[in-house]
Amino acid sequence: MQKISIKKIIYYFTKSVPALGVTFAYVIISMIFGTLIGALIYRMKTSKYRIFRIIASLYVTIVRCTPSLVMLFLVFYGLPLLAGGELGEWLEELPILTFVCITFSVFIGASSSELIRAALEAVAKGQKEAGLSVGMSSLQTFVHVLLPQMLRNATPNIGNTVILLIKEGALAYTIGLRDVLGQAYYLSGREMNAYAVSMYIALTLIYWPLTIILERLFASLEHALTPWERKNRHKDISVGPAVGECNI
Amino acid sequence: MLSVRDVHKSFGDNHVLKGVSFDVGEGDVVAVLGASGSGKTTLLRCLEFFEHADEGEMELDGMSVDLTTHSAKITRQIRQKTAFVFQNYNLFNNKTALENVMLGLTVARKTDKEKAREIATAALAKVGLAERLDYYPCELSGGQQQRVGIARALAVNPKIIFFDEPTSALDPELVGEVLDTIKQLAKEGTTMVVVTHEMSFARDVATKVIYMDGGVILEQGKPDKIFTQPENERTRKFLARYLQDFDYNI
């Protein structure tokens, strides 16, 4: 029977926390490239050419049907083999983090294409026409009118994706990534897992506050992007309370 | 000022516009009447290039354009000369009333910010919303939103303003404030084309009335004539139905 040791919890906690940098690195990189892939896939889905639409939906279906662990292995072991030759050897030399980023970018690419579609469709067509009608170009309308509203609509989903990614990313220890979980496993392994329970408690103590902080962060971001929902606006104005209902 | 020739537009098998031509002079207020589905809104949307006509031309302020064009440059040139007031207001949800009005100046026309703020404030004051500058659209009533929409159209100093059923989405008690605003503009000589179901407005304010039915203009002329001696039987029936309503309302 293992004993829970406060000392060991503190040890695992303090030694694993620095590896958060790796976690943040793959989360941020995957979010950026994933969103770019997602935008591309969305564009292809709405293309007038059938071939692009087929490729896009094939991509989304395949990625969705692949467990992330399987995808991780496929990318890590399969990509260098697939490339073969010198390119394959070069790929094998790349840091593990690269493969993790590729895997999750591919995943986020599929889910974010849907997310982008939802965010765009929620911003009514009328908003775009209004922008054009005052003489703005399509690009200006997108930047000043559509994008801010899309971001605001998408913020909760982006937050969920980031949190999901942090937890999913823990799987990457299987290919040797030293993120928080990988680091803790590595340290625990050196002690023959004699204090594994303490290690898991330490991990929980890292993941919980991290997730809570991120949730709060995205909630306040959404709040910041929704100025009309702030309480006590116009308190000082004599014309009385606002009459409209704010539930865009 | 504006002259529109032979506009055709189909959505699939549905031939919505079957050759529409009309002219608008400087300072004219043209009311476009007609039952739902007669093509009024589609006509207006074709002129603003929200829809691409299948056929047709227009001349606006000395510039001749093919209404079927997909050229972003030409489309934008026309849109810079016109303004559009929407049935559902379509104010920018993420902008305050003031920002809504300013955007067409600062972004689209690169007007200096201070100057734009001045123009926008004046436009909002004109529609009676000087005290609502920093309100977001969702904090305003429908009538107020539509008046911001009108201010937004006015601010860019267009040659002509298109109104697409500006009061149809409003609660009856809010229709008056919007119509009064439009009347005020008419008095000041703003050139407008107004698609509307408000017969009394058309009769009192318009300098010209167009009656559309089934994708063509059945009749057009001075409101006095259209309302008192319509030549076409269908126009007569349509007006009888609406004017009756109108009498009850009084």
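Helix axes here are lines fitted to C-alpha atoms over the stretch in contact, and angles between them run from 0 to 180 degrees between N-to-C directions. The model is predicted.

In chain A, helix α4 (residues 68-83) and helix α5 (residues 85-93) have axes that come within 6 Å and cross at roughly 155°. Angles over 145 degrees count as roughly antiparallel, and α4(A) and α5(A) are therefore roughly antiparallel to each other. On the α4(A) side the contact is made by A:Leu79, A:Pro80, A:Leu81 and A:Ala83, and on the α5(A) side by A:Leu87, A:Gly88, A:Leu91 and A:Glu92. By class, the residues of this contact are six nonpolar, one polar and one charged.

Chain B holds an open sheet of six strands with mixed pairing, in the order β6-β7-β8-β3-β9-β10. Its edge strands, β6 (82-85) and β10 (216-221), each pair on one side only. From one strand to the next the twist averages 15°. Within the sheet, β3 (residues 29-33) and β9 (residues 208-213) of chain B pair in the parallel sense over four bridges, and B:Val32 stands opposite B:Ile210 in β9(B). Helix α5 (residues 142-155) of chain B packs on the sheet, where it touches β6 and β7 (160-164) of chain B; the helix direction makes about 175° with that of β6(B).

Nonpolar side chains tend to be buried together in soluble globular proteins. The largest nonpolar core has 92 residues, of which B:Val101, B:Ala120, B:Ala151 and B:Val194 touch the most other members. Leaving aside residues up to four places away in sequence, B:Val101 touches B:Ala120, B:Ala123, B:Leu124, B:Val148, B:Ala151, B:Arg152 and B:Ala155. Another core, of 21 residues, lies apart from the largest one and includes A:Tyr26, A:Leu72, A:Phe99 and A:Ile108.

Methods. Residues numbered from 1 in each chain as written. Chains lettered and ligands numbered in written order. Predicted model: local features only at pLDDT ≥ 70, side-chain atom pairs only at ≥ 80, totals over all residues. Core = buried A, V, L, I, M, F, W, Y, C linked by C-beta atoms within 7 Å. Buried ≥ 20, exposed ≤ 12 C-beta atoms within 10 Å, placed from the backbone. Contact = placed C-beta atoms within 7 Å. Helix = DSSP H or I, 4+ residues; strand = E, 2+ residues; numbered from the N terminus. Parallel < 35°, antiparallel > 145°, perpendicular 65-115°, else oblique. Nonpolar A, V, L, I, M, F, W, Y, C, P; charged D, E, K, R; others polar. Pairing = 2+ DSSP bridges.
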